Amino acid sequence: MNNDLHFETLAIHAGQDPDPTTGAIMTPIYQTSTYVQRAPGEHQGYDYSRSDNPTRAALEALIAALEGGEYGLAFASGMAATDTILRLFKSGDHIIVGNDVYGGTYRLFERVLSRYGLQFSWLDLNNHDAVQAALRPETKLLWLETPTNPKLELADIAALVDLMPDGVMVAVDNTFASPVSQQPLRLGADIVMHSSTKYLGGHSDVVGGVLALNDQETHQQLKFLQNAVGSVPGPMDSFLVLRGVKTLHIRMERHSENALQIARFLEDHPAVRQVYYPGLESHPQHELAKRQMKYFGGMVSMLLENEEVARQMSSRTKIFALAESLGGVESLIEHPYSMTHASTADSEIAVDPALVRLSVGIEHIDDLLADLRQALA
Ligand code: P1T
């Protein structure tokens, strides 16, 4: 597949030539753990499914194409993908992280990896002076989300890449934007990570993670770790992400249209103190959003009067289902303080208890607006 084709074409075809033996147009689910060898070490490219599996290989080729990278890697979850990146580093290494991230990322970094001697600084990545001042000889990685979970803050990827000295990698968790909206490798980032559980899968039926990158040596190290650590996705899960991605571009367009209308509605609602959505003119980084993103995405957060009101609203919607996760075709609502970001409680990156987060789906906008209107009444 020629990776210079348009995104919409790559989403449907990259890594997915029809099966040469049967002509099957959909990638077969190679539900096998092992592969027969003609003689010891003499096989057809596959020897054991932790190391490689053809369905997973198709997904890995697809994600590389979507992100404009040379290499893709797939994992059992977004956290597994993140963890595998962090295993590139060793005790004493220092990592700069944006101070608004998914709660599970905070938990992995501070409660697991810090026990192995990795050191983390949590910073406002829009304060470039502070980022520069935090750099140390031991700094090896800048980790960022843009837009962030749950406050939809943006980071200027190209500017931050420029700020990093040689030897400091930049990894972007691109889960909220998805590759149809922004491709961080093209802006100079070294590694892109996704929870494919979200927009890539798109149907709330799979947990997975993926990486994309250009550097051959880093790819070899990550591929080694993928096999050595073993947090790989099964073939069925790989297939579900392959199938989900085929409609990513049209889903994201509708997610974004619906989310913008909802953000505008919430901005005018007296019960809402603040709305966080990069597509709103009132978003402090709206200009950066227009420059860096093709779509503003389906995630909207809002600040209500207090925690009690936020909890009540989260329980009152009928179409927006109260659940963790995001990026599926159906709309979800959640209370980050007690749900997705409970692990950041009392920390330097704790979220406001009055915050409510929406994952806006692709249902009819009038039904979604009516649901929010009744829940806020
Ligand atoms: O859940 P998993 O596939 O392991 O991905 C973790 C992850 C990583 N990065 C971001 C930006 C995420 O949002 C997530 C998962 N987030 C949720 C489950 C959530 O509801 O926010």
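Colleague: Leaving aside its neighbours within four places in sequence, which residues is Lys318 in contact with?

Modeller: Contact here means heavy atoms within 4.5 Å. Apart from those sequence neighbours, Lys318 is in contact with Asp371 and Gln374. A word on the source: this is a predicted model, where local features need pLDDT of at least 70 and side-chain atom pairs count only at pLDDT 80 or more, while totals for chains, interfaces and linings use all residues. Residues are numbered from 1 along each chain as its sequence is written, and side-chain values use heavy atoms, with hydrogens and water left out.

Colleague: Where is Lys318 found, and is Lys318 buried or exposed?

Modeller: Lys318 is in the loop between helix 11 and strand 10. Helices (H or I, at least four residues) and strands (E, at least two) are DSSP runs, numbered from the N terminus. For accessibility, buried means under 20% relative accessible area, exposed over 50%, and partly exposed in between (1.4 Å probe, protein chains only). Lys318 counts as exposed because its relative accessibility is 67%. Lys318 and Val36 are 282 residues apart in sequence and 52 Å apart in space, C-alpha to C-alpha.

Colleague: How many bridges pair strand 12 with strand 9, and how many pair strand 12 with strand 11?

Modeller: Strand 9 (residues 299-303) pairs with strand 12 over five bridges in the antiparallel sense, with Met302 opposite Val356. Strand 11 (residues 332-334) is also antiparallel to strand 12, over three bridges, and there Leu332 stands opposite Ser359. Strand 12 (residues 355-359) is mostly covered, since five of its five residues are buried. Leu355, Arg357 and Ser359 point one way from the strand, and Val356 and Leu358 the other way.

Colleague: How should I read two packed helices, and at what angle do helix 9 and helix 12 pack?

Modeller: Two packed helices are described by the angle between their axes and the distance between the axes. Helix 9 (residues 248-267) and helix 12 (residues 365-376) pack at about 30°, with axes 10 Å apart. That makes helix 9 roughly parallel to helix 12; the cut-offs are under 35 degrees for roughly parallel, over 145 for roughly antiparallel, 65 to 115 for roughly perpendicular and oblique for the rest. Helix 9 passes helix 12 in a right-handed crossing. A crossing is left-handed if the near helix is turned anticlockwise from the far one by less than a right angle, and right-handed if clockwise.

Colleague: Which residues of helix 9 and helix 12 meet?

Modeller: From helix 9 come Asn258, Gln261, Ile262, Phe265 and Leu266, which meet Ile365, Leu368, Leu369, Leu372, Arg373 and Leu376 of helix 12. By class, this contact has eight nonpolar, two polar and one charged residues. Ala, Val, Leu, Ile, Met, Phe, Trp, Tyr, Cys and Pro count as nonpolar, Asp, Glu, Lys and Arg as charged, and the others, Gly among them, as polar.

Colleague: And in which sense do helix 2 and helix 8 cross, left-handed or right-handed?

Modeller: Helix 2 passes helix 8 in a left-handed crossing. The axes of helix 2 and helix 8 (residues 235-245) come within 8 Å and cross at roughly 35°.

Colleague: What is the strand order in the seven-stranded sheet?

Modeller: Seven strands form an open sheet in the order 1-7-6-5-4-2-3, and the pairing is mixed. Strand 1 (71-75) and strand 3 (119-123) stand at the edges with a single partner strand each, so one side of each has no neighbour in the sheet. Inside the sheet, strand 4 (residues 139-145) and strand 5 (residues 169-173) run parallel, joined by five bridges, and Leu144 stands opposite Val172. Helix 2 (residues 54-66) packs on this sheet, touching strand 1, strand 6 (191-195) and strand 7 (209-213).

Note on methods
Axes fitted to C-alpha atoms, helices over the stretch in contact; angles between N-to-C directions. Pairing = 2+ DSSP bridges.
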